[in-house]
Amino acid sequence: MKKIVLLLFAVSFGVVQYAAAQKFSTALQLGWSAPKGEAFNYDENTGAKGGLGYSIDLLYYLPAFEEKLAVGLVYNGSLLLGGGTKNKSLDIDLYGLALYGVKGQYRFLNRKVSPYVALSTGLSHLETPSFLDGDGNLLMAGRNSFSLGLAPEVGVELGFFILSATYFVPMKYKVWSVRKESAGTFQVSLGFRYSLDLKETKI
């Protein structure tokens, strides 16, 4: 019974904190993503790798911290092309790396222009390509693998616009072999953030 009461109290406290947050925002960012880690070195680094990085978040701002601190949900993903030579043939493959989780962000200034730092964590997902030989026969099948995701971010908000750099910390994933290999990214992005302040919205 005591556990149920404590659980109800914790849920009620969270609902009150959420309701007290009257400022919300959502952001979309796109940019260049460079892969990091062992999982991308199958071709002994004979070719360049990189691709599209993108993220979307939904944050609400805590009044107790003068609306400088915000928490919410985030999705961060990358589509990575890897091209190189293997067995004297050109090979181009597609990787996918994503993070589904929560995000905390702190703005240093309560102004339209402000630097900020953020940290995202949650479930990360790595999708690796299948490898074929010169005759089109399957050598190694692609694989989906999951791990803990961690992504610190620094940036600056310029009114509605965002300039940021995110380091998706390389984590261990099961890829083509039994041995786990690390995979992560470094992203440089541009985007925009739309904010809704309920205190200034009159119904």
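Mentor: The model is predicted, so local features need pLDDT of at least 70, side-chain atom pairs count only at pLDDT 80 or more, and totals for linings use all residues. Numbering runs from 1 along each chain, and side-chain values use heavy atoms, without hydrogens and water.

Trainee: Why is Glu153 called buried?

Mentor: Its relative accessible area is 6%. Buried means under 20% (1.4 Å probe, protein chains only). Therefore Glu153 counts as buried.

Trainee: What makes the Glu153 and Gln29 pair a polar contact?

Mentor: Their side chains are joined at 3.4 Å. The definition asks for a pair of N or O atoms within 3.5 Å, where one must be able to donate a hydrogen and the other to accept it; residues adjacent in sequence count only if both atoms are side-chain atoms.

Trainee: Which residues beyond four places in sequence does Glu153 contact?

Mentor: Among them are Gln29, Lys103, Tyr116 and Thr166. Contact means heavy atoms within 4.5 Å.

Trainee: What lies nearest the centre of the largest cavity?

Mentor: Ser55, Val74, Asn76, Glu153 and Thr166, from a lining of 13 residues. The cavity has a volume of about 90 Å³.

Trainee: What makes a space a cavity and not a pocket?

Mentor: On a 1 Å grid over the protein atoms alone, a 1.4 Å probe fits in a cavity but cannot get out; a pocket is an open set with protein on both sides within 12 Å along at least five of seven lines. Lining residues have an atom within 4 Å of a point. The largest pocket holds about 420 Å³.

Note on methods. Grid points are joined across faces, edges and corners, and a volume is the space filled by probe spheres set on the points. Buried means under 20% relative accessible area, exposed over 50%, partly exposed in between (1.4 Å probe, protein chains only).
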